[in-house]
Amino acid sequence: MSPALEHFDLKNPPLGDAAAQADVVDAILNGPETELVPLLQAIQSAFGFLPRDVLERLALSTHIPLARIYGVATFYAGFFFTPRGRHIIRVCHGTACHVRGSPRITDELSRTLGVASGETTEDHAFTLERVACVGCCSLAPVMVVDRRTHGRLDAKTAVKIVARAAEDGR
Ligand code: FES
């Protein structure tokens, strides 16, 4: 986390609160980061994604054209433009996982959570994603919930793991 953000409650980003957003952006701009990518990383760590109105404020404050900010941000896969869930579920769809059943896992999670792959639940609890090989094919099929890897899954077990993550509030 950027030291500039230490005084903010990042569990409750000030979405929709223009004054509070301005405070966060000012803190970031007064912090140690001066290059655009670290500034974007700090914004994403504060808000969980890159809200358009915050990027507009960044453009105004830095005199970097908004189009350039979007050009840089969209170049990197690690930046997001819509809110993400508190829990990120990544189901591996690499070849080994695919042939061992990851489509069934994604379908079941999608049905249970009520979101398609790439979407976030309405309560912002979960984001469901399909990803390429996560590097542990011998455990296929694999899913990663937050930072924890779960292997040799079936759809029923995957749903239980996600339910547990929700209960733990992790
Ligand atoms: S294909 Fe899923 S971990 Fe490699």
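Colleague: What makes you say that β2 is mostly covered?

Modeller: Five of the six residues in β2 are buried. Bear in mind that this is a predicted model.

Colleague: Take F126, then. Where is F126 found, and why is F126 called buried?

Modeller: F126 is found in strand β2. The cut-off for buried is 20 or more other C-beta atoms within 10 Å. F126 has 24 of them, so F126 is buried.

Colleague: Which residues is F126 in contact with, leaving aside neighbours within four places in sequence?

Modeller: That list is G85, H87, I89, L113, T120, T121 and V162. As for V115, eleven residues away along the chain, its C-alpha atom is separated from that of F126 by 9.2 Å.

Colleague: How many of the chain's residues count as buried, as a percentage?

Modeller: Of the 170 residues, 25% count as buried.

Colleague: On to the sheet. What is the order of its strands, and what is the pairing?

Modeller: The sheet is open, its four strands come in the order β2-β1-β3-β4, and the pairing is mixed. β1 and β2 run parallel, joined by six bridges, while β3 (residues 143–145) and β4 pair in the antiparallel sense over three bridges. Two bridges are enough to count as pairing.

Colleague: Why do you put β2 and β4 at the edges?

Modeller: β2 and β4 (148–150) each have a single partner strand, so one side of each is left without a neighbour in the sheet.

Colleague: What packs on the sheet?

Modeller: α6 does, touching β1, β2 and β3, with its direction at about 150 degrees to that of β1. α7 packs on the sheet as well, touching β1, β2, β3 and β4, and its direction makes about 10 degrees with that of β3.

Colleague: Which residues of the largest nonpolar core touch the most other members?

Modeller: That core has 15 residues, and I89, V91, I105, L109, V142, M143 and A158 touch the most other members. At least two residues each come from β1 (87–92), α6 (102–113), β2 (126–131) and α7 (155–168). Apart from this core lies another, of 13 residues, among them A42, A46, L50 and V54.

Colleague: What does M143 touch, not counting residues up to four places away in sequence?

Modeller: M143 touches I89, R90, V91, C92, I105, H150, L153 and A158.

Colleague: What is the handedness of the crossing, and which residues make the contact?

Modeller: α1 passes α3 in a right-handed crossing. Q21, A22, V25 and L29 of α1 make the contact with D53, V54, R57, L58 and S61 of α3.

Colleague: Finally, how many helices and strands are in the chain, and what pattern does the chain follow?

Modeller: There are seven helices and four strands, and along the sequence the pattern reads α-α-α-α-β-α-α-β-β-β-α.

Conventions. Residues numbered from 1 in each chain as written. Predicted model: local features only at pLDDT ≥ 70, side-chain atom pairs only at ≥ 80, totals over all residues. Core = buried A, V, L, I, M, F, W, Y, C linked by C-beta atoms within 7 Å. Buried ≥ 20, exposed ≤ 12 C-beta atoms within 10 Å, placed from the backbone. Contact = placed C-beta atoms within 7 Å. Axes fitted to C-alpha atoms, helices over the stretch in contact; angles between N-to-C directions. Left-handed = near helix turned anticlockwise from the far one by under 90°.
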